[in-house]
Every structure is written in C-alpha cells, then in structure tokens.
Amino acid sequence: MTYSQFHRYRHTQSLRDLFQEKTLTVNDVILPIFIHESLTQKKEIASLPGMFQWSLADLSDEIKSAVDLGIKAVILFGIPSKKDDIGSEADNPNGIIQKAITLIKSIAPHLVVIADTCLCEYTSHGHCGIQKDGHLDNPKTLTRLASIAVSYANAGADMIAPSGMMDGMVLAIREALDHHHYHRVSIMSYSVKYASGLYGPFRDAAGSGDNFKGNRNHHQMNITQSREAILEAEADIQEGADIIMVKPAGTYLDIICKLRDRFNHPIAAYQVSGEYSMLKAAVKAGILDEEKAMIESLAAIKRAGADLIITYYAKQLAKYLSPTLQT
Ligand code: PBG
Ligand code: ZN
C-alpha cells in the first residue's frame with residue numbers, strides 16, 4: 001500500500017485538460033448593458049471600471065463588439081431622462097429600453113435580448129415598487145410590472161427578467177405575456193436576490209441610487225437565509241419561471257449548489273457590480289492578476305452549479321478564451 005498519487009491527474013497540461021470537470025465557455029455568459037436616454041455619447045462608470053452608460057447613438061458599437069466576440073445574450077438596464085412616482089417611462093412604447101430593443105434586433109436578430117424588469121431606475125423615489133403611505137404596494141406594483149413586461153415583449157425582447165423581488169411577480173408577468181400571445185417570451189426570475197452590500201456600483205450605473213433613501217430589506221432576502229431561498233425558487237418555478245437566478249453569486253455559492261441539487265431548471269447567477277469592482281480595484285492596486293482572478297471567480301460559480309452567469313467580465317472572458325478575436 002502506497003499513499004494516493006493525485007499528481008497523476010495533473011502533472012502535465014494534457015492530463016489537466018483531459019481530467020477537467022467543468023469548462024467555461026462564451027456560451028455561459030450574459031453581458032449587462034446600461035442605456036442612458038439623456039446621453040449623446042457613451043460615458044464610463046467610475047465605480048464600475050471598463051463599463052459604460054451607452055447612448056442610443058453608440059449602442060450599436062457595443063452590440064457589434066459583443067456579437068463579434070461570440071456573446072449570445074445581453075441583459076438591458078435603462079436610465080430614463082424623466083422619472084416619476086410610478087415609473088411611467090418604463091412602459092412608454094417610445095421609452096429608452098423599447099428603442100434599444102428595436103435597435104438591437106435590427107442589427108443582431110439572433111442575439112438573445114433580456115430585459116431587466118424593475119421600477120427602481122424609473123421611479124423618482126428609487127424604490128423597486130409603487131409606494132403607498134410609506135409602504136410598498138405589492139399588488140399595484142404587479143400591475144405595473146405586467147404592463148412593462150408586455151411593453152418589452154412588444155418591442156422584441158426574448159426574455160423578461162423581473163429583478164424587484166415582488167411577491168407574485170412571475171405569475172403576474174406570465175399571465176400578462178400569455179394574454180398578449182407572447183408564449184415564446186421566457187422569464188428569468190431574480191428568484192433568490194439578497195439584500196446585499198455589493199450593489200453599490202450598479203446603483204451609480206443605473207441611476208437607481210440617486211434619490212434613494214432607505215433600504216431594500218423589506219423585499220430582498222436577508223443574507224442569513226438559505227432554506228428561504230428554496231421556498232423562493234420553488235414559488236417562482238410554480239408561477240412559471242423558466243430560469244431561476246441567484247444574486248449575488250460569489251458570496252452565495254452554497255445557495256447555487258443547493259438549488260442545483262434540488263431543481264432541474266436552468267440556474268443563472270449574477271456576479272454583481274461589487275464583486276466585479278472589488279476584483280478591478282485589487283488588480284489596479286497591483287494585488288491580483290486579473291485573468292487568474294476573473295477565471296477563478298467565474299469557474300467557482302459554474303462549479304457550484306450555475307448554467308448561466310451574468311457578469312461585467314463577459315467580454316473580457318470572451319477575449320481571454322479566443323485571444324485572436326478583436327473588438
Ligand atoms: C434593480 C437591480 C439591482 C441589480 C440588478 N437589478 C440593484 C438593486 O437591487 O439595488 C444589481 C446588479 C449589480 O449590482 O450588478 N432591481
Ligand atoms: Zn429594483
């Protein structure tokens with residue numbers, strides 16, 4: 001009897017390739033895109049290095065570069081020039097997202113277009129739902145979300161991604177889509193979204209932190225919860241979600257793993273703005289090697305069981321995987 005010789009699996013590159021259990025590919029990632037109605041040219045987001053708020057005028061550059069890199073899907077966030085207390089611009093047929101979807105479909109008809117669906121970018125108060133007497137009015141919010149989802153479908157969205165953690169949002173959206181004969185439009189629900197401290201840079205990017213006072217603890221999940229994550233995912237599946245999501249990703253790998261064991265639906269994970277910006281800051285400070293840190297953070301999410309990863313690293317990953325591709 002000798003001791004175990006694990007080095008036999010790994011002492012050459014070919015052996016490591018042969019035994020590799022999981023492989024990251026460009027098909028695994030979804031690129032987030034912010035589109036700002038008031039801009040005439042793109043603007044870099046200081047807290048989210050390398051990411052931009054795009055104007056409608058230069059959005060096609062970003063779409064072409066994503067398609068050239070082999071990216072299969074984008075998720076869109078709109079920043080309207082006008083906000084009010086019910087987020088009226090979100091379902092304006094000429095709203096920023098409706099225009100962006102139409103434009104994207106005209107230049108890249110095969111790109112999967114996912115529309116993030118929430119009110120926080122559109123409301124003057126920055127809350128994810130309609131407010132009544134200082135409280136969230138869940139039923140009224142559902143009516144708004146259903147109308148917004150139909151409006152995005154009408155513009156050509158392939159997938160609706162409700163991100164506000166409203167109770168019943170998946171059912172309300174599914175019924176509205178079906179009622180309008182959008183049977184093929186799918187729903188990727190932010191099923192398990194935590195009240196995380198890692199969304200700060202996103203709120204700069206999406207302008208949803210502007211006038212926002214308070215927190216989202218009333219509707220986003222408490223960071224300590226794991227059994228409740230299963231309840232949330234179960235409910236969304238019952239209501240008709242096609243894809244369930246965990247967000248953030250890196251600090252909730254245990255949750256991805258649990259859902260993977262329990263459900264057979266595709267699982268998406270969102271590597272959120274804070275996760276990305278932390279790595280960028282460490283790289284800038286000369287503390288980490290960017291490629292290694294990027295790959296390790298994404299491989300961990302896939303290893304935990306995610307099928308799809310929403311990540312600000314989508315284009316950088318694509319370039320890393322196919323170094324000959326240019327943008
Ligand atoms: C809006 C929304 C948020 C994110 C995605 N959709 C922010 C929030 O809930 O405050 C966060 C994404 C990120 O941090 O990258 N409902
Ligand atoms: Zn929101």
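## A leucine in a loop

Let's start with Leu-119, which sits in the loop between strand S5 (112–117) and strand S6 (131–132). Keep in mind that this is a predicted model.

Is Leu-119 buried or exposed? With a relative accessible area of 0%, Leu-119 is buried, because anything under 20% counts as buried. Its neighbours, leaving out residues up to four places away in sequence, are Ile-86, Gly-87, His-127, Cys-128, Gly-129, Ile-130, Thr-141, Arg-144 and Ile-148. Now look at Lys-83: 36 residues separate it from Leu-119 in sequence, and the two C-alpha atoms are 10.0 Å apart in space.

## Two helices side by side

Next up are helix H3 (residues 96–107) and helix H4 (residues 138–155), which pack with their axes 8 Å apart and at an angle of about 25°. Angles under 35 degrees count as roughly parallel, so that is the label for H3 and H4. The crossing of H3 past H4 is right-handed.

Which residues of H3 and H4 meet? From H3 come Ile-97, Gln-98, Ile-101 and Thr-102, and from H4 come Ser-151, Tyr-152 and Ala-155. Sort this contact by class and you get four nonpolar residues, three polar ones and no charged ones.

## The buried side of H5

Helix H5 (residues 169–179) has these buried residues: Met-169, Val-170, Ala-172, Ile-173, Arg-174, Ala-176 and Leu-177. What covers them? The cover includes H4, strand S8 (159–162), strand S9 (186–193) and helix H7 (227–239).

After H5 comes His-181, and its phi is positive, near 65°.

Key
Residues numbered from 1 in each chain as written. Chains lettered and ligands numbered in written order. Predicted model: local features only at pLDDT ≥ 70, side-chain atom pairs only at ≥ 80, totals over all residues. Heavy atoms only, no water. Helix = DSSP H or I, 4+ residues; strand = E, 2+ residues; numbered from the N terminus. Buried < 20%, exposed > 50% of the residue type's maximum accessible area, 1.4 Å probe, protein only. Contact = heavy atoms within 4.5 Å. Axes fitted to C-alpha atoms, helices over the stretch in contact; angles between N-to-C directions. Parallel < 35°, antiparallel > 145°, perpendicular 65-115°, else oblique. Left-handed = near helix turned anticlockwise from the far one by under 90°. Nonpolar A, V, L, I, M, F, W, Y, C, P; charged D, E, K, R; others polar.
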